[in-house]
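Please read the following report alongside the sequence and the coordinates.

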Amino acid sequence: MNDAPLISIVVPAFNEQDNMVPLVNETVAALRGAIAFEMIFVDDCSGDRTLEALQALKPALPELRVLHHAVRCGQSAAIRYGVKAARGDWVATLDGDGQNDPADILKLLDARATATPEVKLFAGWRVERRDSAGKRRASRWANAIRARMLGDDTPDTGCGTKLFERAAFLDLPYFNHMHRYLPALMQRAGWRTISVPVNHRPRTSGISKYNNIGRAWAGLRDLRGVAWLIRRGSTIRAEEL
């Protein structure tokens, strides 16, 4: 692909070998002919055949780019690595587990078309979660605590379906698990965010990489750090006149 895409799709993947082919094909089916795009799949040092599955798809798909971590770095690092490599001015993200619907990227783009320039993040909102009851309860609990501490007015920060301006994202402070707090971080930087209802699907292959206890412990620790960042003040933005 010689022409710069209008949008880059970044997908972090860890041990999702059976989800790669369907997710890539669904993304192509949803976007090809609708917008110029590239797909950047970032393999986070998977222990299965995720990387091989992606590489096998490349010859037939000029939109597909595959990046690989030599050591496991985590989801936030994989997203940031993909965004830094992206050629589009705007980036959409999906989780690699296949639970996000690639067709919802067009819905986020439609929301962007009617929004003001101050909106730099369009966050997917999984109105009908297709997870286990325990995972749904844990997410409701975590979202309630986060909303109380951060006041980000975002009903679902854990949804992998997001659309944001690449430059605004790269200006945010980077830390592990930052992808869970993008609305609050964007708002801290002086930008607006909008939540858009999106589809959510049951996982059909592979296993979740998080357990409720581990997610809760890491989340509470990170939440205190993000709250501290917000109390310390907003990022300064300047424009050349």
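## Loop residues with positive phi

D153, at 73% relative accessibility, counts as exposed, where exposed means over 50% relative accessible area, buried means under 20% and partly exposed is in between, computed with a 1.4 Å probe on protein chains only. The model is predicted, so that local features need pLDDT of at least 70 and side-chain atom pairs count only at pLDDT 80 or more, whereas totals for chains, interfaces and linings use all residues. Residues are numbered from 1 along each chain as its sequence is written, and side-chain values use heavy atoms, with hydrogens and water left out.

D153 has a positive phi of about 50° although it is not a glycine, and its place is in the loop between α5 (133–150) and β6 (162–165); helices (H or I, at least four residues) and strands (E, at least two) are DSSP runs, numbered from the N terminus. D152 lies in that loop between α5 and β6 as well, but D152 is buried, with a relative accessible area of 1%. The C-alpha atoms of D152 and L182 are separated by 9.6 Å, with the two residues 30 apart along the chain. Another non-glycine residue with a positive phi is N15, at about 55°, which is found in the loop between β1 (7–13) and α1 (17–31) and counts as partly exposed at 26% relative accessibility.

## Overall make-up of the chain

The chain contains 8 helices and 7 strands, and 50% of its 241 residues count as buried. Among contacts (heavy atoms within 4.5 Å) between residues at least 6 apart in sequence, 81% join residues at least 24 apart.

## Strand pairing and crossovers

Strands β1 and β2 pair in the parallel sense over 7 bridges, where two strands pair if DSSP finds at least two bridges between them; in this pairing, the bridge partner of A13 is D43 in β2. Together, β1, α1 and β2 make a right-handed β-α-β unit, a crossover being right-handed if, with the strands pointing away from the viewer, the path from the first strand over the helix to the second runs clockwise. From β2 the chain crosses through helix α2 (residues 50–57) to β3, and this β-α-β crossover is likewise right-handed. Strands β2 and β3 (residues 64–68) run parallel and are joined by 5 bridges, with V42 having L67 in β3 as its bridge partner.

On strand β4, the pairing with β1 is parallel and covers 4 bridges, and the bridge partner of V10 is T93 in β4. By contrast, β4 and β6 run antiparallel, joined by 4 bridges, and W90 stands opposite E165 in β6.

Strand β2 (residues 37–43) has 7 of its 7 residues buried. Both of its faces are covered, with F37, M39, F41 and D43 on one side and E38, I40 and V42 on the other. Strand β4 (residues 90–93) is also covered on both faces, since W90 and A92 on one side and V91 and T93 on the other are all buried, under the 20% cut-off.

In helix α3 (residues 75–85), the buried residues are S76, A77, A78, I79, R80, G82 and V83. The elements that cover these buried residues of α3 include β1, β2, β3, β4, β6 and α6 (166–170).

D101 lies in the loop between β4 and α4 (104–113). D101 is buried yet has no salt bridge, and R201, the nearest side chain of opposite charge, is 4.0 Å away. For charge, Lys and Arg count as positive and Asp and Glu as negative, while His and the chain ends are not counted; a salt bridge is a side-chain nitrogen of Lys or Arg within 4 Å of a carboxyl oxygen of Asp or Glu.

The side chain of D101 reaches the backbone nitrogen of A103 at 3.0 Å, and a polar contact of 3.1 Å joins the side chains of D101 and N199. A polar contact here is a pair of N or O atoms within 3.5 Å; within protein, one must be able to donate a hydrogen and the other to accept it, and residues adjacent in sequence count only if both atoms are side-chain atoms. Leaving aside residues up to four places away in sequence, D101 touches L94, N199 and R201.
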